[in-house]
Amino acid sequence: MKLLEIKNLHASVAGKQILKGINLTINAGEVHAIMGPNGAGKSTLSAVITGHPMYEVSEGEILLNGKDLLSMNPEERAREGVFLSFQYPAEIPGVSMVNFMRTALNEKRKYHNLPQLSATEFLRLMREKKAMLAMGDKFANRAVNEGFSGGEKKKNEIFQMAMLQPVLQILDETDSGLDIDALRIVADGVNKLKSQDNASIVITHYQRLLDYIVPDFVHVLADGKIVETGTKDLALYLEEKGYVAYN
Amino acid sequence: MCEEIVLKANESRDIVIVNEPNVRLRISQEEGSQLRLHIIDWQSADNDVHIEQVASNCVTEIYQVAYLKDNQKVTTHTNVRHLVGGGVSKQVLRFVLSEHAKGDFLGTLYIAKDAQKSCAEQSNRNLLLDDTATMRTRPQLEIYADDVQATHGATTGQLDENALFYMQQRGISRQAAERMLIVAFLSEAIETIRNEEQKEKLLNTIDSIL
Ligand SMILES: Nc1ncnc2c1ncn2[C@@H]1O[C@H](COP(=O)(O)OP(=O)(O)OP(=O)(O)O)[C@@H](O)[C@H]1O
Ligand SMILES: [Mg+2]
């Protein structure tokens, strides 16, 4: 079943054309890796899927389970199940993780006509997901990402993903900044969240992450287009040869 | 409101002033006295606070919160005077302005020649929620002693778009996200209210007027 369909997507930022006709179909249950040189447009694609206001779509469409994403605002897309693990997560001084997470979860539940979580249910969920990602106790009372190390921020992204249980999860260079143990824990977490009803886009520069999160397909994005699609062997090939063939 | 207050030696006093249109405070602090003053405005106000540390080891804390819109105006003049050394003063001022609101802060800090080992801090941070609001900040430092620690900082900016998008990406509406950022911004100055009941009430009130 088609979970995500991107058709002929063109987008620009600050007047500069970045995405030049992206076509991508992802079925439920699949993991797709996107690789490609710096500046190719990988993060731009994430920004456009999630509805970042700076990016302008001039052509094409994006459907999530048949629904038109481009007509929704960012928060509606998130509540429909789009989740981005940011390449550079924002810091939010003064807003505690607990307050942030409770608000996010409850706004999503309200959107789906579900009752608000009780304090006990919420805390149990927090505890469970924290344990899954081997996160310390103290972080829940800290402000969102404030003073977190690079690796802690990335772990926190996956923690939030576990809390929100998205339909489409986009991991934008989640592996960068993670130490070897954290990489394994995060990858295990991502694998546990995998189901027949969701799908993942994993953006990475390194084959290593794909040893843990095994992709069904690997795409090469270069200069705003998907220039090649293959299976996990393509990542091994790229690791060895680089992107010269696509320049 | 117009008052002259003397804090006796080692006396500790908390004062919370909410929405007083006209504040004239003259406070004199004796040896080791401690003052914690909160001025909280979501209506127009003119605040003038003059505080003198006339003996050593005094602590002066001033917290000002202003949340203004619709042509409201708050003017605050603090004049903190370290006449004798060994005292501490801390000023935290937070203005959030929109819809042609105006904020004006003049912060005079005086440290007398013999008031060595004084420690003074002044922080004024402001948020403009649209481009019709204006803020004027004038720190005025008159420091005549050489062995002191004095810091001051003033910034005026907008809500962090990056943080807002991050929150929206987690399903939080734009409006709720803005509210959370504003509350977070103001609470730094409100959290220091020692009376828990009063603090909760104020935080709730502010949340409801946002
Ligand atoms: N907000 C912006 N303003 C101006 N240019 C931008 C902006 N965002 C992206 N770009 C430009 O768009 C191009 C694509 O950037 P993007 O971040 O999508 O690349 P990427 O494939 O994610 O690269 P990397 O592997 O380095 O993360 C780059 O040339 C970048 O400079
Ligand atoms: Mg990128």
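Is A:Ser43 buried, partly exposed or exposed, and what is its relative accessible area? In this predicted model, A:Ser43 is partly exposed, with a relative accessible area of 28%.

**View 1. Protein donors of the magnesium ion (ligand 2) in chain A.** A:Gln87 is buried because its relative accessible area, 17%, falls under 20%.

**View 2. The interface of chain B and chain A.** Contact involves 17 residues of chain B and 29 residues of chain A. Between them the two chains bury about 1,800 Å², of which 66% is on carbon and sulfur atoms. B:Phe165, B:Tyr166 and B:Arg170 contribute 41% of the area that chain B buries against chain A, more than any other three residues.

**View 3. Salt bridge and polar contacts between chain B and chain A.** One salt bridge is found across the interface. B:Arg170 pairs in a salt bridge with A:Glu157, and their closest N and O atoms are 2.7 Å apart.

**View 4. The side of chain B that touches chain A.** Helix H1 (161-169) and helix H2 (174-190) of chain B each provide at least two residues of this side. The largest share, seven residues, comes from H1(B). By residue class, the side comprises nine nonpolar, five polar and three charged residues.

Methods. Residues numbered from 1 in each chain as written. Chains lettered and ligands numbered in written order. Predicted model: local features only at pLDDT ≥ 70, side-chain atom pairs only at ≥ 80, totals over all residues. Heavy atoms only, no water. Contact = heavy atoms within 4.5 Å. Buried area = accessible area lost by both parts, 1.4 Å probe. Salt bridge = Lys/Arg side-chain N within 4 Å of Asp/Glu carboxyl O. Polar contact = N/O pair within 3.5 Å; in protein donor to acceptor, adjacent residues only side chain to side chain. Helix = DSSP H or I, 4+ residues; strand = E, 2+ residues; numbered from the N terminus. Nonpolar A, V, L, I, M, F, W, Y, C, P; charged D, E, K, R; others polar. Donors = N, O, S within 2.8 Å, 3.2 Å for Na, K, Ca; no water. Buried < 20%, exposed > 50% of the residue type's maximum accessible area, 1.4 Å probe, protein only.
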